[in-house]
Amino acid sequence: MNPARPLPLDSILQGDCIKTMRSLPDKCVDLVFADPPYNLQLGGDLLRPDNSKVDAVDDHWDQFASFAAYDKFTREWLTQARRVLKDDGAIWVIGSYHNIFRVGATLQDLGFWILNDVIWRKTNPMPNFKGTRFTNAHETLIWAAKAQGGKSPSGKRYTFNYDAMKVFNDDIQMRSDWTIPLCTGEERVKGADGHKAHPTQKPQALLHRVILSTTTPGDVILDPFFGTGSTGAAAKRLGRHFIGIERETDYVEVAKAHIARVIPTAPQDLEVTGSKRSEPRIPFGQIIEFGLLNPGDVLYRSKGDLSARVRADGSLSVDGHTGSIHKMGAMLEKAPACNGWTYWHFKTDNGLAPIDVLRAKVRAELAA
(Lines give C-alpha, C1' and ligand atoms only; values in the text may rest on other atoms or scores of the structure.)
Protein backbone atom coordinates (compact mmCIF):
# COMPACT_ATOMS: atom_id res chain seq x y z
CA MET A 1 0.00 0.00 0.00
CA ASN A 2 1.57 3.24 -1.11
CA PRO A 3 0.96 6.20 1.24
CA ALA A 4 -0.88 9.26 0.00
CA ARG A 5 1.42 11.90 -1.44
CA PRO A 6 0.97 14.89 -3.74
CA LEU A 7 0.12 13.69 -7.23
CA PRO A 8 2.28 14.82 -10.17
CA LEU A 9 -0.69 16.45 -11.86
CA ASP A 10 -0.42 17.69 -15.42
CA SER A 11 3.05 16.26 -15.86
CA ILE A 12 4.80 13.54 -17.82
CA LEU A 13 6.74 10.93 -15.86
CA GLN A 14 9.49 9.39 -17.94
CA GLY A 15 10.15 5.73 -17.34
CA ASP A 16 8.79 2.22 -17.55
CA CYS A 17 5.02 2.31 -17.09
CA ILE A 18 4.86 -0.56 -14.59
CA LYS A 19 7.65 0.72 -12.35
CA THR A 20 6.37 4.28 -12.53
CA MET A 21 2.79 3.32 -11.66
CA ARG A 22 4.12 1.53 -8.60
CA SER A 23 5.30 4.92 -7.31
CA LEU A 24 1.76 6.35 -7.40
CA PRO A 25 -0.58 6.14 -4.38
CA ASP A 26 -3.45 3.68 -4.21
CA LYS A 27 -6.82 4.81 -5.60
CA CYS A 28 -5.59 8.19 -6.82
CA VAL A 29 -6.95 8.55 -10.38
CA ASP A 30 -10.48 8.77 -11.76
CA LEU A 31 -9.85 7.34 -15.20
CA VAL A 32 -7.18 5.32 -16.97
CA PHE A 33 -6.91 5.65 -20.73
CA ALA A 34 -4.45 3.12 -22.11
CA ASP A 35 -3.19 2.70 -25.66
CA PRO A 36 -0.71 -0.15 -25.04
CA PRO A 37 1.57 -1.79 -27.61
CA TYR A 38 -0.52 -3.85 -30.03
CA ASN A 39 2.09 -6.60 -30.52
CA LEU A 40 1.51 -6.50 -34.29
CA GLN A 41 4.03 -9.28 -34.94
CA LEU A 42 5.08 -7.84 -38.28
CA GLY A 43 7.39 -10.05 -40.29
CA GLY A 44 9.33 -8.08 -42.88
CA ASP A 45 8.51 -4.88 -44.73
CA LEU A 46 4.99 -3.99 -45.83
CA LEU A 47 4.93 -2.80 -49.46
CA ARG A 48 2.38 -0.98 -51.58
CA PRO A 49 1.51 -2.26 -55.09
CA ASP A 50 4.18 0.11 -56.50
CA ASN A 51 6.76 -1.50 -54.15
CA SER A 52 7.08 1.62 -51.99
CA LYS A 53 7.46 0.85 -48.30
CA VAL A 54 4.55 1.48 -45.90
CA ASP A 55 5.52 3.33 -42.72
CA ALA A 56 4.15 0.59 -40.49
CA VAL A 57 4.53 0.07 -36.73
CA ASP A 58 7.88 -1.69 -36.45
CA ASP A 59 9.23 0.13 -33.39
CA HIS A 60 11.00 -1.83 -30.67
CA TRP A 61 8.37 -0.94 -28.07
CA ASP A 62 5.78 -2.97 -30.02
CA GLN A 63 7.89 -6.13 -30.17
CA PHE A 64 7.49 -9.05 -27.76
CA ALA A 65 9.20 -12.43 -27.84
CA SER A 66 5.96 -14.42 -27.50
CA PHE A 67 2.29 -14.25 -26.56
CA ALA A 68 3.30 -15.37 -23.08
CA ALA A 69 5.65 -12.39 -22.75
CA TYR A 70 2.93 -10.04 -23.95
CA ASP A 71 0.36 -11.53 -21.56
CA LYS A 72 2.78 -11.15 -18.65
CA PHE A 73 3.37 -7.50 -19.56
CA THR A 74 -0.38 -6.90 -19.89
CA ARG A 75 -1.18 -8.46 -16.52
CA GLU A 76 1.52 -6.44 -14.75
CA TRP A 77 0.50 -3.04 -16.08
CA LEU A 78 -3.22 -3.72 -15.63
CA THR A 79 -2.60 -4.83 -12.04
CA GLN A 80 -1.00 -1.47 -11.30
CA ALA A 81 -3.70 0.39 -13.20
CA ARG A 82 -6.37 -1.26 -11.07
CA ARG A 83 -4.50 -0.41 -7.88
CA VAL A 84 -4.22 3.32 -8.65
CA LEU A 85 -7.79 3.54 -9.94
CA LYS A 86 -10.42 4.82 -7.52
CA ASP A 87 -13.23 2.42 -6.64
CA ASP A 88 -15.66 4.58 -8.61
CA GLY A 89 -13.23 5.06 -11.50
CA ALA A 90 -13.05 3.37 -14.88
CA ILE A 91 -10.56 2.28 -17.50
CA TRP A 92 -10.49 2.48 -21.29
CA VAL A 93 -8.11 0.29 -23.29
CA ILE A 94 -7.83 0.55 -27.07
CA GLY A 95 -6.40 -2.11 -29.33
CA SER A 96 -6.65 -4.01 -32.59
CA TYR A 97 -7.47 -7.63 -33.32
CA HIS A 98 -3.83 -8.45 -32.57
CA ASN A 99 -4.16 -7.80 -28.84
CA ILE A 100 -7.57 -6.59 -27.66
CA PHE A 101 -9.01 -10.07 -26.98
CA ARG A 102 -6.03 -10.99 -24.81
CA VAL A 103 -6.34 -7.66 -22.99
CA GLY A 104 -10.07 -8.20 -22.46
CA ALA A 105 -9.56 -11.61 -20.88
CA THR A 106 -6.90 -10.21 -18.55
CA LEU A 107 -9.19 -7.34 -17.54
CA GLN A 108 -11.84 -9.83 -16.46
CA ASP A 109 -9.29 -12.04 -14.70
CA LEU A 110 -8.11 -9.06 -12.65
CA GLY A 111 -11.56 -8.08 -11.40
CA PHE A 112 -12.74 -5.54 -13.95
CA TRP A 113 -16.30 -5.56 -15.23
CA ILE A 114 -16.62 -4.73 -18.94
CA LEU A 115 -19.25 -2.04 -19.46
CA ASN A 116 -18.99 -1.69 -23.24
CA ASP A 117 -16.79 -2.56 -26.14
CA VAL A 118 -16.79 0.43 -28.47
CA ILE A 119 -15.92 0.08 -32.13
CA TRP A 120 -13.94 2.96 -33.58
CA ARG A 121 -14.80 2.80 -37.27
CA LYS A 122 -12.20 4.65 -39.32
CA THR A 123 -13.49 6.66 -42.26
CA ASN A 124 -10.07 6.58 -43.91
CA PRO A 125 -8.42 3.25 -43.03
CA MET A 126 -5.18 2.03 -44.55
CA PRO A 127 -5.95 -0.41 -47.41
CA ASN A 128 -4.94 -4.03 -47.33
CA PHE A 129 -2.23 -3.69 -49.96
CA LYS A 130 -1.69 -7.42 -50.49
CA GLY A 131 -5.38 -8.09 -51.07
CA THR A 132 -5.24 -11.15 -48.84
CA ARG A 133 -7.62 -9.99 -46.10
CA PHE A 134 -10.47 -7.55 -45.47
CA THR A 135 -9.37 -3.96 -44.98
CA ASN A 136 -8.84 -3.51 -41.26
CA ALA A 137 -11.14 -0.51 -40.82
CA HIS A 138 -11.73 -0.43 -37.06
CA GLU A 139 -10.19 -0.68 -33.63
CA THR A 140 -11.87 -1.72 -30.39
CA LEU A 141 -12.03 0.17 -27.11
CA ILE A 142 -12.96 -1.66 -23.92
CA TRP A 143 -14.59 0.44 -21.19
CA ALA A 144 -14.55 -1.26 -17.80
CA ALA A 145 -15.02 -0.53 -14.10
CA LYS A 146 -14.02 -2.36 -10.96
CA ALA A 147 -16.33 -5.31 -10.32
CA GLN A 148 -18.12 -5.20 -6.98
CA GLY A 149 -17.95 -8.59 -5.28
CA GLY A 150 -17.61 -10.26 -8.65
CA LYS A 151 -20.74 -8.51 -9.92
CA SER A 152 -21.50 -5.58 -12.19
CA PRO A 153 -20.94 -2.20 -10.49
CA SER A 154 -23.96 0.07 -10.13
CA GLY A 155 -24.24 3.25 -12.17
CA LYS A 156 -23.24 5.22 -9.08
CA ARG A 157 -19.88 3.42 -9.01
CA TYR A 158 -18.58 5.02 -12.19
CA THR A 159 -19.15 8.20 -14.20
CA PHE A 160 -21.27 8.12 -17.33
CA ASN A 161 -22.64 11.39 -18.68
CA TYR A 162 -25.48 9.72 -20.56
CA ASP A 163 -27.61 12.80 -21.11
CA ALA A 164 -24.64 14.87 -22.25
CA MET A 165 -23.73 12.25 -24.85
CA LYS A 166 -27.32 12.11 -26.02
CA VAL A 167 -27.33 15.89 -26.57
CA PHE A 168 -23.92 15.55 -28.23
CA ASN A 169 -25.54 13.10 -30.67
CA ASP A 170 -28.50 15.36 -31.60
CA ASP A 171 -30.79 13.92 -28.89
CA ILE A 172 -30.26 10.34 -30.07
CA GLN A 173 -28.83 7.79 -27.63
CA MET A 174 -25.09 7.43 -28.27
CA ARG A 175 -24.23 4.06 -29.79
CA SER A 176 -21.18 1.90 -29.26
CA ASP A 177 -19.92 2.32 -32.82
CA TRP A 178 -18.09 5.60 -33.39
CA THR A 179 -17.23 6.81 -36.88
CA ILE A 180 -14.14 9.01 -36.62
CA PRO A 181 -11.32 9.55 -39.14
CA LEU A 182 -7.71 8.66 -38.50
CA CYS A 183 -5.40 11.35 -37.21
CA THR A 184 -4.06 13.15 -40.30
CA GLY A 185 -3.09 16.57 -41.62
CA GLU A 186 -2.58 19.43 -39.19
CA GLU A 187 -3.66 17.28 -36.24
CA ARG A 188 -0.77 14.87 -36.78
CA VAL A 189 2.07 15.81 -34.44
CA LYS A 190 5.38 16.18 -36.29
CA GLY A 191 8.90 15.53 -35.09
CA ALA A 192 11.93 17.73 -35.66
CA ASP A 193 12.39 16.15 -39.11
CA GLY A 194 8.89 17.17 -40.20
CA HIS A 195 7.62 13.59 -40.31
CA LYS A 196 4.92 12.12 -38.05
CA ALA A 197 6.27 11.80 -34.53
CA HIS A 198 4.37 8.63 -33.61
CA PRO A 199 2.95 5.86 -35.82
CA THR A 200 -0.28 5.34 -33.86
CA GLN A 201 -1.34 8.81 -32.70
CA LYS A 202 -5.04 8.79 -31.81
CA PRO A 203 -7.38 11.54 -33.06
CA GLN A 204 -8.47 14.23 -30.63
CA ALA A 205 -12.11 13.49 -31.52
CA LEU A 206 -11.74 10.01 -30.02
CA LEU A 207 -10.18 11.29 -26.79
CA HIS A 208 -12.75 14.10 -26.57
CA ARG A 209 -15.60 11.60 -26.64
CA VAL A 210 -14.01 9.27 -24.09
CA ILE A 211 -13.21 12.07 -21.64
CA LEU A 212 -16.50 13.94 -22.09
CA SER A 213 -18.58 10.81 -21.54
CA THR A 214 -16.83 9.27 -18.53
CA THR A 215 -15.22 12.05 -16.47
CA THR A 216 -16.10 15.38 -14.90
CA PRO A 217 -14.07 18.62 -14.78
CA GLY A 218 -11.19 18.34 -12.31
CA ASP A 219 -10.91 14.54 -12.60
CA VAL A 220 -7.47 12.97 -12.90
CA ILE A 221 -6.75 10.87 -15.99
CA LEU A 222 -3.76 8.52 -16.13
CA ASP A 223 -2.28 7.49 -19.47
CA PRO A 224 0.49 4.92 -18.94
CA PHE A 225 1.43 4.90 -22.66
CA PHE A 226 1.48 8.64 -23.23
CA GLY A 227 3.18 8.81 -26.63
CA THR A 228 2.84 12.30 -28.12
CA GLY A 229 0.40 13.42 -25.44
CA SER A 230 -3.00 13.18 -27.13
CA THR A 231 -4.68 12.28 -23.82
CA GLY A 232 -2.97 15.17 -22.03
CA ALA A 233 -3.98 17.60 -24.78
CA ALA A 234 -7.64 16.54 -24.62
CA ALA A 235 -7.61 16.59 -20.80
CA LYS A 236 -6.17 20.11 -20.70
CA ARG A 237 -8.71 21.34 -23.25
CA LEU A 238 -11.60 19.86 -21.24
CA GLY A 239 -10.54 21.02 -17.77
CA ARG A 240 -9.29 17.66 -16.50
CA HIS A 241 -5.91 16.82 -14.97
CA PHE A 242 -3.58 14.26 -16.50
CA ILE A 243 -0.65 12.11 -15.49
CA GLY A 244 1.32 10.77 -18.41
CA ILE A 245 3.90 7.99 -18.34
CA GLU A 246 6.24 7.60 -21.30
CA ARG A 247 9.49 5.69 -21.71
CA GLU A 248 10.84 7.24 -24.92
CA THR A 249 12.66 10.59 -24.56
CA ASP A 250 11.72 11.76 -28.06
CA TYR A 251 8.02 11.23 -27.37
CA VAL A 252 8.24 13.05 -24.04
CA GLU A 253 9.68 16.16 -25.67
CA VAL A 254 7.12 16.11 -28.46
CA ALA A 255 4.27 15.61 -25.97
CA LYS A 256 5.36 18.59 -23.87
CA ALA A 257 5.33 20.86 -26.91
CA HIS A 258 2.00 19.38 -28.07
CA ILE A 259 0.25 20.06 -24.76
CA ALA A 260 1.80 23.52 -24.39
CA ARG A 261 -0.02 24.62 -27.56
CA VAL A 262 -3.46 23.65 -26.19
CA ILE A 263 -5.80 26.44 -25.07
CA PRO A 264 -8.00 25.30 -22.13
CA THR A 265 -11.76 25.70 -22.37
CA ALA A 266 -13.23 28.37 -20.10
CA PRO A 267 -14.67 26.79 -16.91
CA GLN A 268 -18.18 28.09 -17.61
CA ASP A 269 -18.17 26.28 -20.95
CA LEU A 270 -17.29 22.89 -19.46
CA GLU A 271 -20.71 22.22 -17.95
CA VAL A 272 -22.55 19.35 -19.60
CA THR A 273 -26.18 18.35 -19.67
CA GLY A 274 -27.03 16.65 -16.38
CA SER A 275 -29.14 13.58 -15.86
CA LYS A 276 -32.69 14.10 -14.65
CA ARG A 277 -32.28 10.87 -12.70
CA SER A 278 -29.69 12.61 -10.52
CA GLU A 279 -32.01 15.51 -9.71
CA PRO A 280 -34.07 15.46 -6.48
CA ARG A 281 -37.42 13.74 -6.79
CA ILE A 282 -40.36 16.13 -6.71
CA PRO A 283 -43.79 14.52 -6.20
CA PHE A 284 -46.73 16.24 -7.88
CA GLY A 285 -48.19 16.98 -4.46
CA GLN A 286 -45.38 19.48 -3.85
CA ILE A 287 -46.58 21.53 -6.82
CA ILE A 288 -49.79 22.07 -4.88
CA GLU A 289 -47.96 22.70 -1.58
CA PHE A 290 -45.93 25.44 -3.28
CA GLY A 291 -49.14 27.03 -4.56
CA LEU A 292 -48.20 26.65 -8.23
CA LEU A 293 -51.45 24.75 -8.76
CA ASN A 294 -54.54 24.62 -6.55
CA PRO A 295 -57.16 21.95 -5.86
CA GLY A 296 -59.84 22.26 -8.50
CA ASP A 297 -57.50 23.51 -11.23
CA VAL A 298 -57.88 21.81 -14.59
CA LEU A 299 -55.06 20.14 -16.50
CA TYR A 300 -55.18 19.31 -20.20
CA ARG A 301 -53.58 17.01 -22.71
CA SER A 302 -51.25 18.88 -25.07
CA LYS A 303 -53.99 19.05 -27.71
CA GLY A 304 -56.36 20.55 -25.15
CA ASP A 305 -59.04 17.94 -25.84
CA LEU A 306 -58.79 15.87 -22.64
CA SER A 307 -58.86 17.27 -19.12
CA ALA A 308 -58.52 16.32 -15.45
CA ARG A 309 -59.15 18.12 -12.16
CA VAL A 310 -56.43 18.51 -9.56
CA ARG A 311 -57.24 17.21 -6.07
CA ALA A 312 -55.77 18.31 -2.75
CA ASP A 313 -53.69 15.15 -2.30
CA GLY A 314 -51.95 15.50 -5.67
CA SER A 315 -54.14 13.01 -7.47
CA LEU A 316 -56.19 13.73 -10.59
CA SER A 317 -59.86 13.07 -11.20
CA VAL A 318 -61.02 12.04 -14.67
CA ASP A 319 -64.65 11.00 -15.28
CA GLY A 320 -64.99 9.42 -11.85
CA HIS A 321 -61.56 7.77 -11.95
CA THR A 322 -58.75 8.98 -9.73
CA GLY A 323 -55.03 8.37 -9.57
CA SER A 324 -51.60 9.86 -10.06
CA ILE A 325 -50.65 12.08 -12.98
CA HIS A 326 -48.94 9.08 -14.54
CA LYS A 327 -51.75 6.59 -13.95
CA MET A 328 -54.43 8.91 -15.35
CA GLY A 329 -52.37 9.71 -18.43
CA ALA A 330 -51.80 6.00 -19.09
CA MET A 331 -55.52 5.29 -18.61
CA LEU A 332 -56.60 7.92 -21.13
CA GLU A 333 -54.03 6.80 -23.67
CA LYS A 334 -54.75 3.10 -23.05
CA ALA A 335 -51.02 2.67 -22.59
CA PRO A 336 -49.03 0.61 -20.07
CA ALA A 337 -47.20 3.72 -18.81
CA CYS A 338 -47.16 7.48 -19.19
CA ASN A 339 -44.89 10.33 -18.08
CA GLY A 340 -47.46 12.60 -16.48
CA TRP A 341 -44.99 15.49 -16.20
CA THR A 342 -44.88 15.90 -19.96
CA TYR A 343 -48.40 14.60 -20.70
CA TRP A 344 -50.40 17.05 -18.59
CA HIS A 345 -50.44 20.78 -19.33
CA PHE A 346 -51.76 23.87 -17.54
CA LYS A 347 -53.06 27.12 -19.02
CA THR A 348 -50.80 30.17 -19.20
CA ASP A 349 -51.18 33.54 -20.87
CA ASN A 350 -49.23 32.10 -23.80
CA GLY A 351 -51.22 28.89 -24.12
CA LEU A 352 -50.70 25.43 -22.65
CA ALA A 353 -47.41 24.50 -20.91
CA PRO A 354 -46.34 21.12 -19.48
CA ILE A 355 -46.48 20.77 -15.71
CA ASP A 356 -42.79 19.80 -15.87
CA VAL A 357 -42.17 23.56 -15.98
CA LEU A 358 -43.64 23.79 -12.49
CA ARG A 359 -41.48 20.91 -11.27
CA ALA A 360 -38.41 22.80 -12.49
CA LYS A 361 -39.50 25.86 -10.48
CA VAL A 362 -39.79 23.79 -7.31
CA ARG A 363 -36.35 22.24 -7.86
CA ALA A 364 -34.86 25.69 -8.38
CA GLU A 365 -36.41 27.00 -5.16
CA LEU A 366 -35.24 23.98 -3.16
CA ALA A 367 -31.71 24.37 -4.52
CA ALA A 368 -31.53 28.09 -3.74
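1. In this predicted model, the side chains of D356 and R359 form a salt bridge with an N to O distance of 2.8 Å. A salt bridge here is a side-chain nitrogen of Lys or Arg within 4 Å of a carboxyl oxygen of Asp or Glu. D356 and R359 lie three residues apart in helix α11 (residues 356–367), and are therefore separated by about one helical turn. Helices are DSSP runs (H or I, at least four residues), numbered from the N terminus. D356 is buried at 17% relative accessible area, and R359 is buried at 12%. Buried means under 20% relative accessible area, exposed over 50%, and partly exposed in between (1.4 Å probe, protein chains only).

2. D305 and R301 are also joined by a salt bridge, at 2.5 Å from N to O. D305 is partly exposed, with 46% relative accessibility, whereas R301 is buried at 16%.

3. R247 pairs with E248 in a salt bridge of 3.3 Å, N to O. R247 is partly exposed, at 43% relative accessibility.

4. The structure contains 14 salt bridges. K27, D87 and K146 are linked in a network of such bridges.

5. Confidence should be noted. The protein chain has a mean pLDDT (the predictor's confidence in each residue, from 0 to 100) of 88, and 89% of its residues reach 70 or more. Residues 53–57 fall below 50 in pLDDT; beyond near neighbours in sequence, this stretch has 17 contacts (heavy atoms within 4.5 Å) in the model.

6. On method, local features need pLDDT of at least 70 and side-chain atom pairs count only at pLDDT 80 or more, while totals for chains, interfaces and linings use all residues. Residues are numbered from 1 along each chain as its sequence is written, and side-chain values use heavy atoms, with hydrogens and water left out.

Definitions and conventions
Helix = DSSP H or I, 4+ residues; strand = E, 2+ residues; numbered from the N terminus.
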